[in-house]
Amino acid sequence: MSGAGASGSKHTASFGLIMGGKLKLKGDKKVSKGKKRAAPEHGEGDDDDIDVPSYSAEPIPGTGKLATSGVVVMGVETEFSKEISIGDTLLATVVDRYRNIEAQETRVVNMVLGKSSLNLESPFSCDITSPVVFLVIKKAPDITALRQARADERKRSKAAAEAMKEVTYKVVKPGSGTWKKWETVTERVASGMSREDMLTKRAQMKADRHCK
């Protein structure tokens with residue numbers, strides 16, 4: 001595995017992936033920071049209660065080797081379904097035999113079909129006809145989507161809690177005459193009323209329209 005790690009570092013350095021830091025130029029003026037933004041209220045941009053998966057931009061050596069034909073990737077002793085997800089990036093060495101050159105290229109995965117088959121958003125510059133080792137760069141977590149999912153969950157929980165405070169039943173509409181008309185009534189219940197009490201109340205108010 002030490003060879004794979006060294007290979008990963010070599011690929012990372014040669015491909016120019018910048019993992020952190022910022023380029024500083026001589027003579028750059030230090031920009032003063034403005035006022036700090038007010039902290040968002042709970043539930044608005046708060047990532048503390050969001051289950052954010054661990055993430056690293058460092059390329060990870062993939063299991064086995066791969067070959068390509070257009071956007072189709074075929075694996076040899078690979079574990080695509082376990083190691084790769086939609087949105088991840090593959091990094092592999094592509095050889096142009098006509099111009100006698102090789103280069104490291106990346107392509108984004110848009111479909112994982114199984115342990116030895118997947119599709120790319122676009123093909124490599126040349127098909128990889130001889131299986132080669134590859135690296136996987138995981139897709140960064142979508143914090144916005146995670147935050148929206150959490151907000152939706154809160155709304156559903158709040159709606160369910162509100163529903164627990166109401167009981168719905170039908171009663172005869174006053175002044176409806178011989179042919180009785182029914183209307184639905186939604187009543188707020190006391191905070192101490194249990195679900196069993198609410199069900200009992202609803203059963204008491206329910207009756208056959210011909211016997212009411």
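Select V72 to begin: does V72 count as buried, partly exposed or exposed? V72 counts as partly exposed, because its relative accessibility is 34%. Keep in mind as you go that this is a predicted model.

**Stop 1: around V72.** Together with V72, they make a nonpolar surface patch of about 190 Å². Now switch to cartoon view: V72 belongs to strand 3, residues 72–76. Look across to strand 6 and you will find N119 standing opposite V72. Strand 3 and strand 6 (residues 117–120) run antiparallel, joined by three bridges.

Stop 2: Seven of them form an open sheet with antiparallel pairing, and the order to trace is 1-7-4-5-6-3-2. At the edges stand strand 1 (60–61) and strand 2 (65–69); each has a single partner strand, so one side of each is left without a neighbour in the sheet.

**Stop 3: the core.** Next, show side chains for L66, F80, I84, L90, L118, L120 and F134. The largest nonpolar core has 15 residues, and these are the ones that touch the most other members. Strand 4 (89–96), strand 6 and strand 7 (134–137) each supply at least two residues of this core, with strand 4 giving the largest share, three residues. As a general background note, nonpolar side chains tend to be buried together in soluble globular proteins.

- Pick D88 and K138: they form a salt bridge whose closest N and O atoms are 2.5 Å apart. This pair links distant parts of the chain, 50 residues apart: D88 lies in the loop between helix 2 (80–83) and strand 4, while K138 lies in the loop between strand 7 and helix 3 (143–163). D88 counts as buried because its relative accessibility is 2%, whereas K138, at 25%, counts as partly exposed.
- Go to E105 and R107. Their side chains meet in a salt bridge at 3.3 Å, N to O, and both residues are buried.

Methods
Residues are numbered from 1 along each chain as its sequence is written. This is a predicted model: local features need pLDDT of at least 70, side-chain atom pairs count only at pLDDT 80 or more; totals for chains, interfaces and linings use all residues. Side-chain values use heavy atoms; hydrogens and water are left out. Patches are made of residues with over 30% relative accessible area and no salt bridge: like charges are joined within 9 Å, nonpolar side chains (Val, Leu, Ile, Met, Phe, Trp, Tyr) within 5 Å. Accessible areas come from the Shrake-Rupley method with a 1.4 Å probe; for residues, only the protein chains shown count as cover. A salt bridge is a side-chain nitrogen of Lys or Arg within 4 Å of a carboxyl oxygen of Asp or Glu. Helices (H or I, at least four residues) and strands (E, at least two) are DSSP runs, numbered from the N terminus. Buried means under 20% relative accessible area, exposed over 50%, partly exposed in between (1.4 Å probe, protein chains only). Two strands pair if DSSP finds at least two bridges between them. A nonpolar core is a set of buried Ala, Val, Leu, Ile, Met, Phe, Trp, Tyr and Cys residues joined through side-chain atoms within 4.5 Å.
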